Amino acid sequence: MSKIVGIDLGTTFSAIAILDDLGNPEVLSDPINNNRITRSAVYVGREKAIVGDKAIDAAVTNKKNTILEVKSEMENDVVWSTSKGQWIDRDGKKDVKGYTPSQISSLILSKLKDYTSGVKKAVVTVPAMFAEAARVATIDAAKLAKLDVELINEPTAAVLHYANLPGVSISGRVLIFDLGGGTFDITIAAVKDKKIDVITSVGDKHLGGRRFDEEIIKILDKKYKKAKGKGLDDLNDEKLFLIAERIKKILSNKETVSEIIEGPKGPQKIDITRKEFENSIDTYVEKIKMLMEEALERADCKPSNIQQTLLVGGSTRMPFVSEIIKKIMKKAPVKGVNVDEAVACGAAIYAGIQNKDELNPSQKKAIAKVDLQDICNFYMGTLMATIDQEKDQWGVVNDVVIPRDTKLPCSITKNYAVLHDDQETIDCSVTQSEGEESNIDFVVVIAKEPLKLSKNAKQGDPVEVTYSYDTNGKMHCVFQEMKSKKKHEMTLKPDGSKEFKKLKDELDFDIE
Ligand code: AMP
């Protein structure tokens, strides 16, 4: 029988989980070293790729071939050049040499998939605020790893896990605080029994543990320089990052840490206090507080309306996290969950919900009551021509069709009109944006196809645009000239990119 897994494809660490025979999620370990989380680091050699901690070891001798934080690049049209050792913008040119973020991510997925045999299907998690291009690249990555894939938002997966935990009672409005290695997400959801209604998600795609490690490196550099008169050689050295990460983790439990740092002027003992470290990440902490307030505002609730705060992501072990939660929410967060594994476990539960036919009776019973209502995380719109009142001239603006946070499934129709007599076509553009934008420079056009109008189209003839968004992330868009009933339909679902075959042909690695 084929197995369906849940995979948390993280910026710094990834994990894979599966439902056990009783329907409880179980995290699978790397059979070589028994680690339950795998570092999302990839080394690409000539014929061999190495994924995990060993890729960092390889980085010491061959830095240009080691790729970290690939998730941060998923929405970009870039390739990793092993001759330059950096990401290069392709500027639309598909023949620039290097590996795409989807190819690199596929190596991580292939490694995780091999922690057990017979995996064909997976639910892969993505940050709630992952744009369309990043979702498409994630699907490409899964397909390259020979996985039949569905995506779920990370906070949604986490709350699924919390709501299913035996012995933990989650009910009412909850705030999911997800601070990982590379991203920060705040989600507010309503939970009743095992029915979960997502209300809103906000986040920052570049705020997480790796940024905190950078701050520790800056402190080490400053103190080394003060003691020896010369700073550290390479602040991007991966070994230094490993030391910084270790210091950060110790500071989660202790007030002070001492470390011998090897630098250009020999070894030097350096002390760092938790206070010093927390001061250095002050701007990030302020950003986190701001996003918490933004999420509460978007969900139209006060801290007192939130029954529980659920922690997700390794960086929530830092003491400042519980402190600000207690201060803002006036209640401590829920304890007792492995914050590194919650997302993968929730993804495994979702994989079960989506594939009930393949479950045994105990597994079906375990997840029978689980129900999920998700939301549209972006403003979905279209482009229209209108008179710019200020300039008194025609211009193109974005018009929102489905507002952000609309509950799914939904279907919304908006009315437009033919611009001038004898107009031949209408551009059917579908846009996506994080904010409620009218300025076309701040939206991403995710589809654009023409609707041919009838021959005698007249200015002002009505045109209806209907977007229907289902619960599986599929959006059906209809642009219709009402007089002739001529219409153009598009179904948009992140489903891999057009260059998939090329991506696949270029990838021929043994994976360690
Ligand atoms: P995740 O993406 O959820 O796997 O989180 C990974 C991040 O959590 C990395 O940046 C880790 O350094 C960080 N992390 C894990 N454990 C701790 C800890 N005890 N204290 C501080 N940060 C931690």
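Val-321 counts as buried because its relative accessibility is 0%, where buried means under 20% relative accessible area, exposed over 50% and partly exposed in between, with a 1.4 Å probe and protein chains only. The model is predicted, so local features need pLDDT of at least 70 and side-chain atom pairs count only at pLDDT 80 or more, whereas totals for chains, interfaces and linings use all residues. Residues are numbered from 1 along each chain as its sequence is written, and side-chain values use heavy atoms, with hydrogens and water left out.

**Surroundings of Val-321**
- Val-321 lies in helix α9, which covers residues 319–329; helices (H or I, at least four residues) and strands (E, at least two) are DSSP runs numbered from the N terminus.
- Leaving aside residues up to four places away in sequence, Val-321 touches Phe-177, Leu-179, Leu-311, Ser-315 and Thr-316, a contact being heavy atoms within 4.5 Å.
- Between the C-alpha atoms of Val-321 and Ile-402, which are 81 residues apart along the chain, the separation is 34 Å.

**The protein as a whole**
- The protein contains 12 helices and 27 strands.
- Its radius of gyration is 25 Å, close to the 24 Å that the globule rule gives for 512 residues, so the protein is as compact as a globular protein of that length; the radius is taken over C-alpha atoms, and the rule is 2.2 Å times the number of residues to the power 0.38.
- Buried residues account for 54% of the 512 residues.
- Of the contacts between residues at least 6 apart in sequence, 66% join residues at least 24 apart.

**The sheet with β22 and β23**
- An open sheet is formed by four strands in the order β20-β19-β22-β23, with antiparallel pairing; two strands pair if DSSP finds at least two bridges between them.
- The edges are held by β20 (393–402) and β23 (444–452), each with a single partner strand, so one side of each is left without a neighbour in the sheet.
- Strand β22 (residues 425–433) pairs with β23 in the antiparallel sense over eight bridges, and Ser-429 stands opposite Lys-448 in β23.

**Helices α5 and α6**
- The axes of α5 (residues 209–228) and α6 (residues 238–251) come within 8 Å and cross at roughly 100 degrees; axes are lines fitted to C-alpha atoms, for helices over the stretch in contact, and angles run from 0 to 180 degrees between N-to-C directions.
- Residues making the contact include Phe-212 and Ile-216 of α5 and Phe-241 and Ala-244 of α6.
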